[in-house]
Structures are given as C-alpha cells and as structure tokens.
Amino acid sequence: MKKEKSPLLRNGAVQSLLASLLCILIGLLLGYIALLLINPAGAGEAILTIVKNFMTYSRTTAQLKYLGSTLVKTAPLLMCSLSILFAYKVGLFNIGAAGQYVVGAGACLYCALGLHLPWYLCLMAAVLAGALLGAVSGVLKACCNVNEVISCIMLNWISLYSVNTLLTKVKEETSPYTYTLSSTSPEAILPSLGLGGLFSKNQYVTIAVPLSVIAAVLVWVLLEKTKLGYELKATGCNKFAAKYCGMREKKNLILTMAIAGALAGMGAAMLFLTGFEQWQCTQSAVPAMGFNGIAAAFLGGLSPIGSIFSSYFIQHITNGGAYVDKTMYSAQISDFISALIIYLCGFVLFFKVALNRWLNRRDEKKGGGGK
Amino acid sequence: MILLLQYMLIFASVLLLVALGGCFSEHSGVINIGLEGIMVMGALGGALMMKFLPDSTSAFVMIVLVVLAAVLLGMLYSLLLAVAAVNFKADQTLVGTAMNLLGTAAATVFVKAMNTAENVDNVSSTIQYINAKKAFIVNLGGFEFNWFMLLALLALIGSYVSLYKTRFGLRLMACGEHPQAADSVGINVYKMRYAGVLISGMLGGLGGIVYITAGVSEWKFENGVAGFGFLALAVMIFGQWKPTRIALAALLFGFCRALGNVYTGFDFLKSLELPAAVYNMLPYIISLVVLAFTSQKSRAPKAEGIPYDKGQR
Amino acid sequence: MEENYAIEMLNITKRFPGIVANDNITLQLKKGEIHALLGENGAGKSTLMSVLFGLYQPEEGSIRKNGQPVSIRDPNDANALGIGMVHQHFKLVECFTVLDNIIMGVEPCKHGFLQKAEAREKVLALSEKYGLRVDPDALVEDITVGMQQRTEILKMLYRENEILIFDEPTAVLTPQEIDELMQIMRNLSAEGKSILFISHKLGEIMAVANRCSVLRKGKYIGTVSIAETSQEELSRMMVGRDVSFAVEKAPARPGEVVLDVKGMTVASKRHNNNAVKGVSFQVRRGEIVCIAGIDGNGQTELVYGLTGLEPLKAGTLTLNGQDITHAPIRKRAVSGMSHIPEDRHKHGLVLDYTLEDNMVLQRYFEHHFVTPAGFLKRRAIREYAVGLIEQYDVRSGQGPVTPARSMSGGNQQKAIIAREIDKDPELLIAVQPTRGLDVGAIEYIHKQIVAQRDAGKGVLLVSLELDEVMNVSDRILVMYEGEIVGEFDPKKVTVEELGLYMAGAKREGAAS
C-alpha cells in the first residue's frame, strides 16, 4: 500500500482549497450566464468589473482608497464568519450571527450616539451584547433542548425589531438613519493609528482591520492549541463522550455560543464605529452580513485562517458589484453570486468524498497492476 | 375590528400555507430553512403572471394562472434543496440559508433587469399589479374576502387527509422518522423526500403570492418577504408538526401580526403607546418561550436533517 | 437430481473498498427447514443477508429460487420473491402503531386511501394462528421488546413470505422468551416456511436448527447437519481453532470494600417509574461482581448513577470510604473509578478525534499534558499514546494520528480498555465490554479484566451474555425491573435458574 503516491491531493487542506476554488469558479460562471441572459452585450465586461472591484480605477491612489473601503467591510464579515465557524466546530450552527451582529450594532451605536461613550467602551458594549444574545441560545439549547438554529432565527428577528426601536431614539429627524458619528460623537470613532493614511487617506480604515485578523489567529490558536479548544471540540463532536469523561458539556455549549456571539457583536462594532455606515431604523430584513458570514466560513474551509481570505473575496466581489453598468445590470448581481457560492459550499463534503473515492480507486488499480 | 379580522385571516392563510409546506418537508426528513426564499420565488412567479396577463382576463382564469405560476416556480426552486439534501447529502441548514439569500438576490436581479429593459430609467425592483389583484377579492360588506383564504383552508384539509389517511402520508412520515425501516419495506426514501420537499415548494410558493397580495398592490422584491418564511417555521414548530395545531398556531401568529398593522385603530392599544415593533416581535417571543418549555419532549420527526445514505445501515 | 431448495445463493462474492466481505460463498436453504448461519462478528453474515435482501449487489455469483435464477435488485424484489427478514435492530417506526408498521409498504388501499379495517382483521387472524400476541393499536414506542419482535415476525407473515430470515433474534430476549421464540420458529417451519437463523450462539443453534452453514472471515467453511455435529465442532469451524470458552482464573480473594451502594434510586428517562429502585450492594477488592439481567431492566441507569451520568434520586455511594453520592463525573474519575461504557461510539470515544486524543480523554487536564496557561503539550500526549498503543497492542492504520472512526470495533474497544485500565483505578466498571467483538478480542478482554481483579482492584461487570456472566464473574447479582432479585455464586447456579430470576419468575426472599 503506497499512500504517498498522491499526498498532495489527499491532504485535507488542499482538498478544502480545491473545493473552495471550484465553488468560486462555478459561482462566477453561473453569475456570468445570468448576466448573459439579461444582456449579452456587456456581460463579459460586467463580470470582469465585479472581479476587479477597485482595480477598475486607473489611478493607484483611487485603487488604494477603494481597496481600503473593501477592507473596512471585510473586517465585520470576517468576524461573523469566525463566529459561525467557531460554533460549527463545536457542533452548533450559529445562524444567529446575524442577530448577534444586530444587537452588537444596536449596543455600540446607542453607547456612542446616545451615551457619548468613548470607542473602547462602545466596542465592549457590542461584544457584551453579542455574547449575551449568543448565551441565550446556548442556555436554551443546554437547559431546554431548544435547537439552536430555531432559537437563533427567532432571536434574529426579535433583535432586529428591538434594535430598530432602540436606535429610533438616536435617529435623524428627517431620515430613517441614525446620526453620523463624526457630527455627534467623534470620540466613539475607532482610532485609525495612521492606517487610513496608507489607503490614500481613507478615514474609515481603522484598527478594526488588523484587529479582525488578530481575532482570526486567536480563534485558530484557541481551537487547535488549547485545553479549552480540545474540550469544546470534543463536546461538539460527541457531547455524550464529553459528559462521560467529565467535561461540563452544558457549560461548554453556553460558553461556545457566548464566544460566537461576542465575535459577531464585535464585528458589528468594527463597521458601525468607523462611521462608514449609519443604521437604518426602518429595516425590515435582518442585515445579510451575518448570513454572508456563513458563506465566508464555509468557503474558507471552516478554518479561521481560510476565512480571512474567503471573507475578503466575498467582500471584494460584493463591492465589485457596485461598479457594474447600472443601465444594464443591478448591483445585486454580486449578492446573487455570493448566494450561489454558499449554495455550492453545500456540495463540498460530497466533493471531498468523491475525490477520495476516486483516489482510492486509482490507488487500487495501480496496486493491482503492480502485482 | 373587521379590518383586524381580515388582516388576521389573510396573514394566517400565508402562515398556514407555508408552515404546512414546511411540515411536509420535515415529515419526509428534510429541514427546510429555505422557505423564505421559496416564498420570494412563488411571489415572483405570481407577480409576473399578474403583470403580463391582460386586465380583461376573467377573475377565475386569473386566479388559476397566478396560483399555477407561483406553485410552479416555488416547486422548481425547491428542487435546489431537494437535489442538494437528498442526492448530495449537503448540510440542510447551509443550503436553506443559501436559498433564502439566493431567492431575494435572484428575484431582485431579475425584476430590475426586466424593469430596466422596459424603461432605461427604471432601476427599481418593484412590480405593480393593482388591477390584477382585484380578481382575488370579493367584498362582503366591509370584509374583503380573499379567495386565498379558502385555498388555505383547502390546503389544511388536504394536508390532514393526505398525512393521516393515505398511503402516501404513512410512507412520507416513515421516511422522516426511520428511513432505514422505510427502505427495508421497499419504500424509496429518496423519492419520498423529493415529494416532501416539492410539496413544501408548492405550498411555500403559494404562500409567497398570497403574502405579497395581502394589503398591497405592488411589491419591491429587494425586501424579500420580510421574515415570513421564518415565522412560518415558528408556526410549524409551535404546531408540533401536526396540521390542525399548525392551523391554530397560524391564527394566533396571524392575529399578532394583524395587531401590528391596525393597532392604532384601537384606543385601548393606542393608549399603551407600544411601538409597532412590539407586535411584530410578539410571535417570535411567544414561540421562543413555548419552545423553551416544550422542547424536552419535542415531537419533531426523528430523522430530520440527517441525510439518508443507502449504503449505511 | 438436485434437492428441492427454497433459495440458493451460489458462489457469492461481494467486495468493499479494501475488503472482500463475501468470498465465493454458497448457501442453500431447503424448503421447510430451519437453517442456521453461524459466524463471528465480521464474518460476513450481514453482508450475505444484505445481498439476499437486495440491499447490495454482489460482484459475482447468482441467486436461485426453486431452482430458477432470480435477480434481486432491491427489497421490493426480495419481498416479491417471498423473502422477509427480522433485523437485529428492529426496523420499526416508533411513533406509529403496530398495525401501521405491519402494513407499511404493502398498504391495502382504495384510491390511495388506507383501508385499515381490512388489514387489522388479517393481522389478528395471523397473530391467532401462530400464537403471536400483539396489540395492533399500541404505539411501538410503548410496547416491550418481545412484542416488537413479534410485530416484526407478523410483518413477514402479513406479506405471506415463504423464506424468513432471523438476524440474531435472541440477543434481546430472556431465556424463557428465547424458548418461546424457538417454539414459534418450529411452528413456522411446520407450516412449510423456510427459516434462516443467523446466530453466533451455539446452544441455540443446536437446539432449533436442522442444518448449519459456517462462515469465517468472509469465507465459506462448510455446511453440517446438526444431528451429526457437536458444539465443539461448530465452534472450531467458526473460529478456526480450538477455543476454550472457560476463562482461566484462580479463585477470588476478596479484600476490603471498594464500592458501597446503599438504597440507590435513579429516575427513568423512558417512563415515570424509577429505573433503579433502592438497590444496595458492595464490591470488594479482588473480586469480579457481575450484574446480570435482560437488557432494559435498569442496568444502564444503575451504571449512569454510579458514574455520575445521571443524578441519584435517593441513596448513597461510597468509593473507597469517600462519599461520592453527589460528586461530579470528573471527581469520581480522579478518585479511582474507571468506566468502560456500554456504547463505545456514544460515550467511549470521540470518533472524529485521533487515537492519541482519545487516549488522553480522561487525563488531558493533568499537568503532565497541559501547561498552566491552558495549552496542550502535544509531545507528551504523543509519547503517552504511543506507549499505550504498544503496551495494549492497539492496531490502526496510522498509529496515534489515526482517526478513531476508521478503526475496527475490536481495536476501538482495546483503546478504551487501555485508557481506563492505565488510569490505575480502584474500581473498574465494565459494561458489556465484549459486545460485538470476535472471539480473539473477547478472550483478550476477559484476561485483562481478570488481571485487574488479581491486581487487587474491584471489578463491576455488567453483561447481557449469560456465558460471560457464568465464566468471568466471582459473584452474580441479577437485576429485574430495577431491583436486585438474587445473588449467586456462579459455581453453584445453573443458567436456567438465573433465567428464571432474570425473567422475574423467581426472586430471593422479599426485597427489603
């Protein structure tokens, strides 16, 4: 039995990477076909525009500036995807990242605009709010056996309506949007530490970007290197075995959801405390950021390091969608493509199984021929 | 008061239809989180039919064709779930979530493209159906009776009968409870799961068109269906996967929603000065609380969410 | 010419990736006979039956019915040919009624609507004719295991099957229920049904079968007539060598009390009654105490109560003089209790973890394996796991980094035993430690258990296999409906006597 014949393809990480690239390719291809159907004339150009994103600008300064804008939105997406993959590793599907993100936004904006607190306290508030909401799902799961997907869905909507109501108190009179940070409470804006300067004075690029990458690394260390990670993953893989060997599986469940919630909540603060966006108090749908986090988590092969890249990619094409020719296509074509990619991620498991089966068969044939 | 009743019944009809759809899917063993997306697609199908049928179409033909369009598109869309969950053993929660995002995105892209093609300056994602919509409504005094209410009632009866009185229902539920047992007596689990998902697509799509014609005469597809698919999921669980209980749950949740729309008409409620959001939240809070108390002995189909693999037994 | 065979499987070969599950196997079932299929776990019995049932397609070989070649592509084909099977794990939908389960797949219908009244009559008539007592309207989840089995048999009779397969049907029954089942099987064969009886219990085969075919490691060994063979010959055919089922051990020398249980009561998850009702007993150093009983009489809950998986409703537990009644699981484990769990996949292993990570499941938190800051010492874990793997001869594809899921059942169990014994416990609780293993592994595990006893540890063994109970233990406690109804010396009691206690027909004195 020679297993080292195809070590590269057998490697789990390589398989994940291949699967993700395949998802992206098929997703883009289907997106391209959709564009062709809508208007064949500009389809090729449009798909290129989406993939190029900020590169459509010819001047380097403009490119840098809009790369910055992409990064600003990548940070929260990365946090949401970390939230989802962390919970997933512990056997929980945190579809509630969306809701945790919403309460995070509510908490940090209210602390900033209503209470005029400095940025670090606002950030803390968002983290706490997210953790709290996550813990609610965790408690419901641990103590009342409520499926976390269901409780998270309910909490998503409860959060949305609550936050809308809360933030109506700090909203501009003439619009459905909250006050801008810069005019009302500049002390709540995340410090830039000169990062903005690197991106052609893009004031929205703040410490949020490096912070999110650090968070990804920390999540990786926590999961792979520590006793806590060992316990949490054991609980996720087999909660009965975890209980059998004396781990406190209920505590672990709640802790996991709280950490996942904290990550998502922090993600919201990383966007809204830059002043890049205002909250719209009449929103009738839960923001897609949390759901896109699912895409990023799965596209990143459920690895924290992988999701740094996948989050960037998804944000990259989403921003790219804004540049397509509006007289022919709509910006939602990017949402369409990223939704397709999430859907395709469902097939990754099958892809890996099929690939392994194929490799086995090939090895067997080779082995047979050699004898 | 009549307005409250009217809203309650129409919202309850939507929830009932979609929740029954979810019920079929789950009884076959497939969790359908993607109901929201299916509703959007059904709504799109119906809305397009209303837009393109001439105003002179008779009410009956209009109803039949619109329903047909919604049902067909809903079923077609639900195939995405069936293929992934049954043949490819994908994570059903993941696929369902993707379908919700995809539904809204695809509908928006499509409607915008269509609007832009008609008029270059029109980049909205709205479809209007002011006149066509009249076909569904019969005025009984002050009460606007909607044919869809009758349809929902029929769906309820049909679901009850087919689940509990027919061969199909027995086999479907066996697949959701113990697919190995079903397989061992020669029932094709894959086929039954396809059937379950397709029925959920049918009823979900129908629910979609009912939702966007309830109260308004145009729909902006960027908004999706504002969480009604998820609410229907709550209705289904609240109803413990049983059609009759689902109907009661739908009425209760419909009442809450209706209250959110018309509470300003009641002096008593108005004097409470609660924001509308409270009424919108109410169904979710109720179901969460009920879930907390009832989940220890939930009657959810035992094998739901677990891909069935013929090789594994 | 050839004899009148109801079904023949000729030269069947079925391969799975990396393994030949059936290698050129021939099995011929005469009309009206009871034919035993004997083989160890993993010998290929289940695969062969799955082929007959149309669940797998063989690579080579053919199947004939009444001399005519047939092709069986799925269970429907098998059913059409009159082949029915009682699976080892019943294929019943728990929330359906007995009647619904029986008719499922062949429902009498008018325009798609169920005609249950008709079906009901037929079921009642069948149950009358063969003496199969069932309540057609009861939900399967509410009825006894025995009635569930009768439901499965009725399922076959309702389909008018001629060839009935029983896959390990006695594992869940009391000795008396087993006798009843044997009688039912004789009745069925007298009515002209042909029966294939899959088992690894020689006594039962000798008692009921006419002929017996033996498989070993996927290969066909031979077919013998029961009248012309002996248990010894059968076991030699099954295992491939002489086996002594007796476990060699010196007489026990019980020392001080290790575990003292007083008035232990544990609530049941399945019904409102208590699963364990005021049980008291002791385990001493240097003895193996065995809890015998039919599955579902509170043994599982008893162990859960002892190990802390379930809280006690009443009573006290003392381990080595230390009160552990309310101690958490971890506390019990570190104070000298080891637990080889009943279900190695559910409790014993994290299947998605590697072997080495599973090896430290009970000690990963010790300072030897984790730094004060909470980081795992990977190198120490590796060294420790490699040591255990060598010492206990745990075999696996990639050594310490093998995913536990990909290991064989025997080696998974060895890994658990290595982990639990290496903790150097005062008390070893072993629950069905040999379930589903082949003879070699069983011998090995019994040796380890006796060695622990001889090293002065207390051992509590919970077993459903009477052979194991009789051979390994020094003292037997019989559990029936949550109570201990008798205490015996294995040298002075017969299996029949134990059976009466296990079935609740007899009990010692009045329970205090």
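## Salt bridges between chains B and C

Two salt bridges link chain B and chain C. This is a predicted model. One pair is Lys302(B) with Glu94(C), whose closest N and O atoms lie 3.9 Å apart. That pair counts because the cut-off for a salt bridge is 4 Å. Chain B and chain C also share five residue pairs in polar contact, both residues being at pLDDT 80 or more.

## The side of chain B that touches chain C

Three elements of chain B give two or more residues to this side: helix 5 (147–164), helix 6 (167–177) and helix 7 (179–184). Helix 6 of chain B has the largest share, with six residues. By type, this side of chain B has nine nonpolar, eight charged and six polar residues.

## Extent of the contact

Chain B puts 23 residues into the contact, and chain C puts in 26 residues. The size of an interface is often given as the accessible area lost when the parts come together. Between chain B and chain C, about 2000 Å² is buried. Carbon and sulfur atoms give 61% of that area.

## Two helices in chain A

Now to chain A. Helix 10 (residues 208–225) and helix 11 (residues 227–237) of chain A have axes that come within 5 Å. The axes cross at roughly 75 degrees, so helix 10 of chain A is roughly perpendicular to helix 11 of chain A.

Helix 10 of chain A makes the contact through Leu222(A), Leu223(A), Glu224(A) and Lys225(A). Helix 11 of chain A uses Lys227(A), Leu228(A), Gly229(A), Tyr230(A) and Lys233(A). The residues of this contact divide into four charged, four nonpolar and one polar.

Key:
Residues are numbered from 1 along each chain as its sequence is written. Chains are lettered from A and ligands numbered from 1 in the order in which they are written. This is a predicted model: local features need pLDDT of at least 70, side-chain atom pairs count only at pLDDT 80 or more; totals for chains, interfaces and linings use all residues. Side-chain values use heavy atoms; hydrogens and water are left out. Contact means heavy atoms within 4.5 Å. Buried area is the accessible area (1.4 Å probe) that two parts lose on being put together, summed over both. A salt bridge is a side-chain nitrogen of Lys or Arg within 4 Å of a carboxyl oxygen of Asp or Glu. A polar contact is a pair of N or O atoms within 3.5 Å; within protein, one must be able to donate a hydrogen and the other to accept it, and residues adjacent in sequence count only if both atoms are side-chain atoms. Helices (H or I, at least four residues) and strands (E, at least two) are DSSP runs, numbered from the N terminus. Ala, Val, Leu, Ile, Met, Phe, Trp, Tyr, Cys and Pro count as nonpolar, Asp, Glu, Lys and Arg as charged, and the others, Gly among them, as polar. Axes are lines fitted to C-alpha atoms, for helices over the stretch in contact, and angles run from 0 to 180 degrees between N-to-C directions. Angles under 35 degrees count as roughly parallel, over 145 as roughly antiparallel, 65 to 115 as roughly perpendicular and the rest as oblique.
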